[in-house]
Amino acid sequence: MESVNEDWDTVRTVLEGETAAYALIIDRHQKHVGAVVGAHVPPQYAPEVAHETFVRAYRSLASYEPRKPFKHWLTTIALRSCTDFWRSHYRRKESPLSDFSKDTTQWLDAVCFTESESEFERLSQAREAKEILSLVLDMLAPLDRMILVMTQLEEYSSKETAELLGISSANVKVRAFRAKRTLKKLLKKHGIEGA
């Protein structure tokens, strides 16, 4: 694939001292990084996290090995930057669920207690639903949030999620199970039916 060779050639050029060539990598991959980051952090923070991704990639460029596509390596860094964003901005929200309307509460019941991934995704399509889901996901630990979004909404397999986040597949499965259980407990704590 031509872009793989282009990426590797550019990486070598940068590592040989022509640091200005890194701009080629940014130009080539900024839309992809923006899409990855935009799917995992609030829009107002996406440019900052995307920038951080490219800074981290630059600092780690010597560790890149061309056995895998550069885009995959960069995606891993972008996802880790998103996880770190949630860690640094993490705060527990104790009361927002109690302020939801009856319709919103019923929707949350349907999303959080469904066993079917396709049903979960279908219920998560509407803009309002995404906003509500984001509020609920904010109550989870950052890595658990990333895992649920990747496995439930973005349809990554456990193996793909594990590879991109740099953890084991078993850890992904355990964390996804625990995260769903935590959501159920949070909903029950706030008196949402079905918990």
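Start at the N terminus and walk along: the elements run α-α-α-α-α-α-α-α-α-α. That's 10 helices and zero strands, in what is a predicted model. Of the 195 residues in the chain, 40% are buried. If you take the contacts between residues at least 6 apart in sequence, 66% of them join residues at least 24 apart.

Now zoom in on helix 8, which covers residues 142–153. From first C-alpha to last it reaches 16 Å, close to the 16 Å expected at 1.5 Å a residue. Because 11 of its 12 residues are buried, helix 8 is largely enclosed by the rest of the structure. Among those buried residues are Leu143, Asp144, Ile147 and Gln152. Just after the helix, glutamate 155 takes a positive phi of about 60°.

Aspartate 144 is buried at 13% relative accessible area, while arginine 175 is partly exposed at 26%.

Next, look at arginine 56 and aspartate 84, whose side chains meet in a salt bridge of 2.7 Å, N to O. Here helix 3 is linked to helix 4, with the two residues 28 apart.

Finally, lysine 68 and glutamate 163 form a salt bridge at 3.3 Å, N to O. Lysine 68 sits in the loop between helix 3 and helix 4 and glutamate 163 in helix 9, so the pair ties together parts 95 residues apart in sequence.

Technical notes. Residues numbered from 1 in each chain as written. Predicted model: local features only at pLDDT ≥ 70, side-chain atom pairs only at ≥ 80, totals over all residues. Heavy atoms only, no water. Helix = DSSP H or I, 4+ residues; strand = E, 2+ residues; numbered from the N terminus. Buried < 20%, exposed > 50% of the residue type's maximum accessible area, 1.4 Å probe, protein only. Contact = heavy atoms within 4.5 Å. Expected span 1.5 Å × (residues − 1). Salt bridge = Lys/Arg side-chain N within 4 Å of Asp/Glu carboxyl O.
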